[in-house]
Amino acid sequence: MQKEVVDSMAMKRALTRITYEIIEQNKGVRNVVLVGIKTRGVYLAERIAARLEQLEGAQIPVGELDITAFRDDQPKDDQAPSSYQLAFSVADKRVVLVDDVLYTGRTIRAALDALMGGGRPQSIALAVLVDRGHRELPIRADFIGKNIPTALQERIKVSVTEVDGRDGVEIIN
């Protein structure tokens, strides 16, 4: 059974709110870079960057991070990149990691490991569209589009137009 909890308009509003919060926390966008965690986090980061450009008039670099080789809860894939892979350095930058769903925290831990290969950032913040709870690691998001408490057996499915042909968030039992 699926239940839509965020429609396309609510998703757009959540991303706009996150965008404003990024500007406020960083007192502008100077030295800010966005790093989207593959797959849907990349598209969300690109949307936030576009909105930042509209509001602040500055182009924000957006990188995509494949954390597959850095996960501790998945079998190792010999084909996965195991070194820093962004097109720009994060050294001395204010990095905003962007992902679709924050759950156990393991994806974010892997992303932090992957990021460290690009130098020492000035700071790292986390922006997520959905925080569903059930953390296994002491990780929290700095920017949250929507808190959606879930049961352990439920799943959250984020859909983005670029991949799925529509925007929305559903709870799947």
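Me: What volume does the second largest pocket have, and why is it called a pocket?
Reply: The second largest pocket has a volume of about 160 Å³. Volume here is the space filled by probe spheres set on grid points, joined across faces, edges and corners. It is called a pocket because its points form an open set on a 1 Å grid over the protein atoms alone, with protein on both sides within 12 Å along at least five of seven lines. The model is predicted: local features need pLDDT of at least 70 and side-chain atom pairs pLDDT 80 or more, while totals for chains, interfaces and linings use all residues. Residues are numbered from 1 along each chain as its sequence is written, and side-chain values use heavy atoms, without hydrogens and water.

Me: What makes a residue part of the lining of the second largest pocket?
Reply: A lining residue has an atom within 4 Å of a point. Ser8, Met11, Lys12, Leu15, Thr16, Thr19, Arg47, Ile48, Arg51 and Asp167 therefore line this pocket.

Me: Which helix gives the most to that lining?
Reply: α1 does, with six residues. α1 and α2 each supply at least two. Helices are DSSP runs of H or I, at least four residues, and strands are runs of E, at least two, numbered from the N terminus.

Me: How do you know the lining's make-up by class?
Reply: It has three nonpolar, three polar and four charged residues. Asp, Glu, Lys and Arg count as charged; Ala, Val, Leu, Ile, Met, Phe, Trp, Tyr, Cys and Pro as nonpolar; the others, Gly among them, as polar.

Me: What is known of the largest pocket?
Reply: Its volume is about 470 Å³. Of its 23 lining residues, Arg71, Asp99, Asp100, Val101 and Thr107 are the closest to its centre. β4, α3 (106–115) and β7 (155–159) each give two or more residues to the lining. The largest share, four residues, comes from β4. By class, the lining has nine nonpolar, five polar and nine charged residues.

Me: How do you know that β2 and β3 pair?
Reply: Pairing needs at least two bridges by DSSP. Four bridges join β2 (residues 32–37) to β3, so the two strands pair. They run parallel. Gly36 stands opposite Glu64 in β3.

Me: What order do the strands take, and why are β3 and β6 at the edges?
Reply: The open sheet has five strands in the order β3-β2-β4-β5-β6, with parallel pairing. β3 (62–65) and β6 (143–147) each have a single partner strand, so one side of each has no neighbour in the sheet.

Notes:
On a 1 Å grid over the protein atoms alone, a cavity is a set of points where a 1.4 Å probe fits but cannot get out, and a pocket is an open set with protein on both sides within 12 Å along at least five of seven lines; lining residues have an atom within 4 Å of a point.
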